[in-house]
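Please look over the sequence and the model before reading the points below.

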Amino acid sequence: FNGLAWRYHAKGEVAAAVRCFEKSLASLPTYASTRDLANLHFEENDREKWKQTLLDFLQTESLGLDHAQAHKQLAVGYLSLGDWANARPHAEKAGETWSSWGLEIASYVCEGLADWEASERWIRERSTSYPSGSGDAWYFWCRRTGRGDVETARKLAEKFHTRDIRTLEFEDLFRLGAFLIMENKPVEAVEIY
């Protein structure tokens with residue numbers, strides 16, 4: 001049904017696309033179908049149907065991180081509308097899964113609401129729970145906001161950045177260079193860049 005729905009959508013037949021997505025969800029409520037239908041409603045500026053589609057999905061059986069993805073989608077949607085207060089409970093629900101992306105969105109929303117303590121708690125959990133992929137996230141948060149336990153965050157970031165430089169991807173090299181600049185080591189940063 002989803003492939004057919006997108007074909008209708010491409011032809012500008014929104015009602016037919018919605019009908020296909022709804023049939024898909026009636027037969028098997030997956031996050032992919034929910035996400036696509038919610039995105040279609042959002043694109044059509046029907047915010048109530050966008051929200052209700054995602055909330056209805058949250059009433060289905062939870063499999064893996066699908067509910068967290070729906071909460072993240074609600075949070076991001078509310079953020080795009082400038083509604084930070086309504087984004088927060090959904091961002092925090094995503095964060096409660098302790099997925100890296102859930103912790104990141106929870107920290108981001110709390111930071112946007114100037115709840116520094118909660119924001120740092122979420123980003124600290126991201127760095128300590130995922131030290132091999134996000135070991136410097138807390139440090140960058142501390143430096144960007146001018147808040148938090150920068151000394152402890154620095155130690156974690158230093159450990160993160162002691163990996164063999166030959167194994168690093170471009171993004172990791174960029175982050176290492178930024179870390180070195182913030183640590184007042186411009187010569188080393190230039191060598192990395």
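The points that follow are grouped by topic.

This is a predicted model, in which local features need pLDDT of at least 70 and side-chain atom pairs count only at pLDDT 80 or more, while totals for chains, interfaces and linings use all residues. Residues are numbered from 1 along each chain as its sequence is written, and side-chain values use heavy atoms, with hydrogens and water left out. Helices (H or I, at least four residues) and strands (E, at least two) are DSSP runs, numbered from the N terminus. A residue is called buried under 20% relative accessible area, exposed over 50%, and partly exposed in between (1.4 Å probe, protein chains only).

**Aromatic rings**

- The structure contains nine aromatic pairs; rings of Phe, Tyr and Trp (its six-membered ring) pair if their centres lie within 6.5 Å, and planes under 30 degrees apart count as stacked, over 60 as edge-to-face and the rest as tilted.
- The pair of Trp 84 and Tyr 108 is tilted, because the ring centres are 5.6 Å apart and the planes stand at 40 degrees.
- Trp 84 belongs to helix α6 (residues 84-95) and Tyr 108 to helix α7 (residues 100-112), so this pair ties together parts that are 24 residues apart in sequence.
- Trp 84 is partly exposed at 26% relative accessibility, and Tyr 108 is partly exposed at 44%.
- Phe 42, Trp 50 and Tyr 78 are linked by ring pairs into a cluster.

**Charges over rings**

- The charged end of Arg 124 sits over the ring of Trp 138, 5.9 Å from the ring centre; the criterion is that NZ of Lys or CZ of Arg is within 6 Å of the ring centre and within 35 degrees of the ring normal.
- Arg 163 lies over the face of Phe 160, at 3.9 Å from the ring centre.

**Salt bridges**

- There are 17 salt bridges in the structure, each being a side-chain nitrogen of Lys or Arg within 4 Å of a carboxyl oxygen of Asp or Glu.
- Glu 183 pairs with Arg 143 in a salt bridge whose closest N and O atoms are 3.6 Å apart.
- Glu 183 is buried at 17% relative accessibility, whereas Arg 143 is partly exposed at 35%.
- Arg 163 forms a salt bridge with Asp 172, with the closest N and O atoms 3.9 Å apart; Arg 163 is partly exposed at 29%, and Asp 172 is buried at 14%.
- A network of salt bridges links Asp 136, Arg 163, Glu 171, Asp 172 and Arg 175.
- Asp 164 and Arg 166 form a salt bridge with their closest N and O atoms 2.7 Å apart; Asp 164 is partly exposed at 34%, and Arg 166 is exposed at 73%.

**Nonpolar core**

- The largest nonpolar core has 17 residues, of which Trp 138, Tyr 139, Phe 179 and Leu 180 touch the most other members; such a core is a set of buried Ala, Val, Leu, Ile, Met, Phe, Trp, Tyr and Cys residues joined through side-chain atoms within 4.5 Å.
- Two or more residues of this core come from each of α10 (137-145), α11 (150-160), α12 (170-182) and α13.
- Helix α10 gives the largest share of this core, six residues.

**Contacts between separate positions**

- Ala 153 is in helix α11 and is buried at 1% relative accessibility.
- Ala 153 and Thr 128 are 25 residues apart in sequence and 9.3 Å apart in space, C-alpha to C-alpha.
- Lys 93, in helix α6, is partly exposed at 43%.
- Lys 93 and Ile 105 are twelve residues apart in sequence, with a C-alpha to C-alpha distance of 9.9 Å.

**Positive phi angles**

- Asn 45 has a positive phi of about 60 degrees although it is not a glycine.
- Asn 45 is placed in the loop between α3 (31-43) and α4 (47-57) and is exposed at 57%.
- Ala 114, also not a glycine, has a positive phi of about 60 degrees.
- Ala 114 is placed in the loop between α7 and α8 (116-129) and is partly exposed at 44%.
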